[in-house]
Amino acid sequence: MKNVLVTGGAGFIGSNFIRYLLHTETDIHVFNLDALTYAGSLENLKEVADDVRYSFIQANITDTEFVEQFLAKHKIDTIVHFAAESHVDRSILGPRQFIETNVMGTFSMLEAARNIWIQPQNQPLENVRFHHVSTDEVFGSLAPGEPAWTEDTPYSPNSPYAASKASSDHLVRSYGHTYGLPYTITNCSNNYGPYQFPEKLIPLIILNAIEGKPLPVYGDGQQIRDWLHVEDHCEAIHLVLTKGAVGSTYNIGGENQPANLTIVETICEILDELSPASPHKPHKNLIQFVKDRPGHDRRYDMDTHKISVELGWRPRHTLTEGLLDTINWYLAHPEWVTAIRQQQAYQGWLDANYTSR
Ligand code: NAD
Ligand code: TYD
């Protein structure tokens, strides 16, 4: 791993991964290719902007020709593909962009890799790797008591987002099977932590609670997600890149499965303690049950036996510590919050998703 192309590196997980990689590896160059959609911001990468081992390129993953030339020119040996539309609610209100980016964009990245790394004899260059970052949502939804998903569980995606990610996973696997593309895939659960765009549950609730705004809980709030700290996720991806078996997929999960309402109440309790003088105390009085998400998956749970046995990975963060760190991070970075909201048409999204709910 010498010249690494990270797609979507200006987003939440990608920016954390770039910081992690530059911190962990010394002899490396990281190229961050990102279109800077509403979800991407260079505010997320200020800490590494001046590192000589880091370069930013504003480009679209659907531009196969550009990506091909880039791979060749910079002798890219590793692609870590994060770029995607990532929010389920947006996929319900407007699915087309999810097909463009997640399906066609991944297809474009695979074509570029095939053309530069594999042509003409289905013989890959040495030491190249296409790593695809995916989600547990491809597996669908679990009934109470059903066992956790393993890497062999058949896909059963329910939302347009999940279906687009499932399609992209299938495409990656097919390029390995058909053209010999050396790939790995990770399917991970819900991430949380610093730099997460405040459309997702945890940062939305933190920021709304700080400002005394309603805390919207969909349906009965008893839906269950598995919560993974983003730094644990980055560590797992790095392990899969360096020690994972080519042609394999790995589940990654945080071993935390509270109901959504419990997460929201825990954030409220932590804020009550951290901000004893807040006029919005007790923050849990801000909770509002709102109309449920259509097709809302009830429960997710990942079996992470494979990555733990093969690569020795386990999540380091408990949810209580991770939430405390995350809330402290948002409290300590009001300038990031202001910049992200101004730059990213945030209010428009809140109006579209919540006003008529
Ligand atoms: P994000 O929405 O925060 O960031 C996505 C990034 O991709 C942004 O920087 C955006 O500008 C960029 N991007 C979007 N379309 C692009 C295009 N056409 N060309 C180039 N760049 C483009 O997403 P995230 O939460 O960091 O998720 C990263 C990856 O992890 C995604 O593939 C997502 O499906 C997957 N994932 C996320 C979670 C989670 O909880 N956030 C969980 C499981 C899997
Ligand atoms: P989200 O962060 O959007 O992630 P995902 O849909 O990928 O799991 O949502 C996490 C859970 O929180 C999900 O069950 C939907 C729920 N949710 C709310 O109850 N209220 C909200 O305002 C949001 C954004 C999510």
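Helices and strands here are DSSP runs, numbered from the N terminus, with at least four residues required for a helix and at least two for a strand. Please bear in mind that this is a predicted model.

Let me begin with ligand 1. Which element provides the largest share of the shell around ligand 1? That element is strand S5, with 3 residues. The shell comprises 28 residues, and the closest of them are Ile13, Asp34, Ser86, Tyr161 and Lys165. Sorted by class, 14 of the shell residues are nonpolar, 12 are polar and 2 are charged.

Turning to individual contacts, a polar side-chain atom of serine 86 is placed 2.6 Å from an oxygen atom of ligand 1. Asparagine 60 also uses its side chain, where an N or O atom lies 2.9 Å from a nitrogen atom of the ligand. Phenylalanine 12, by contrast, takes part through its backbone: one of its polar backbone atoms is 3.0 Å from an oxygen atom of ligand 1. On its own, ligand 1 has 830 Å² of accessible area, and the protein covers 96% of this. The elements that contribute two or more residues to this shell are helix H1 (12-24), strand S5 (129-135), helix H5 (160-179) and strand S7 (190-192).

I now move to ligand 2.

Tyrosine 354 has a polar side-chain atom 2.7 Å from an oxygen atom of ligand 2. In arginine 225, an N or O atom of the side chain is 2.9 Å from an oxygen atom of the ligand. With proline 216 it is a backbone N or O atom that lies 2.9 Å from a nitrogen atom of ligand 2. Taken alone, ligand 2 exposes 510 Å², and the protein buries 97% of that area.

The axes of helix H6 (residues 201-210) and helix H10 (residues 319-332) come within 10 Å and cross at roughly 55°. H6 is therefore oblique to H10. As for handedness, the crossing of H6 and H10 is right-handed.

Thank you for your attention.

Notes
Residues are numbered from 1 along each chain as its sequence is written. Chains are lettered from A and ligands numbered from 1 in the order in which they are written. This is a predicted model: local features need pLDDT of at least 70, side-chain atom pairs count only at pLDDT 80 or more; totals for chains, interfaces and linings use all residues. Side-chain values use heavy atoms; hydrogens and water are left out. A residue is near a molecule or strand if one of its heavy atoms lies within 4 Å of it. A polar contact is a pair of N or O atoms within 3.5 Å; within protein, one must be able to donate a hydrogen and the other to accept it, and residues adjacent in sequence count only if both atoms are side-chain atoms. Accessible areas come from the Shrake-Rupley method with a 1.4 Å probe; for residues, only the protein chains shown count as cover. Ala, Val, Leu, Ile, Met, Phe, Trp, Tyr, Cys and Pro count as nonpolar, Asp, Glu, Lys and Arg as charged, and the others, Gly among them, as polar. Axes are lines fitted to C-alpha atoms, for helices over the stretch in contact, and angles run from 0 to 180 degrees between N-to-C directions. Angles under 35 degrees count as roughly parallel, over 145 as roughly antiparallel, 65 to 115 as roughly perpendicular and the rest as oblique. A crossing is left-handed if the near helix is turned anticlockwise from the far one by less than a right angle, and right-handed if clockwise.
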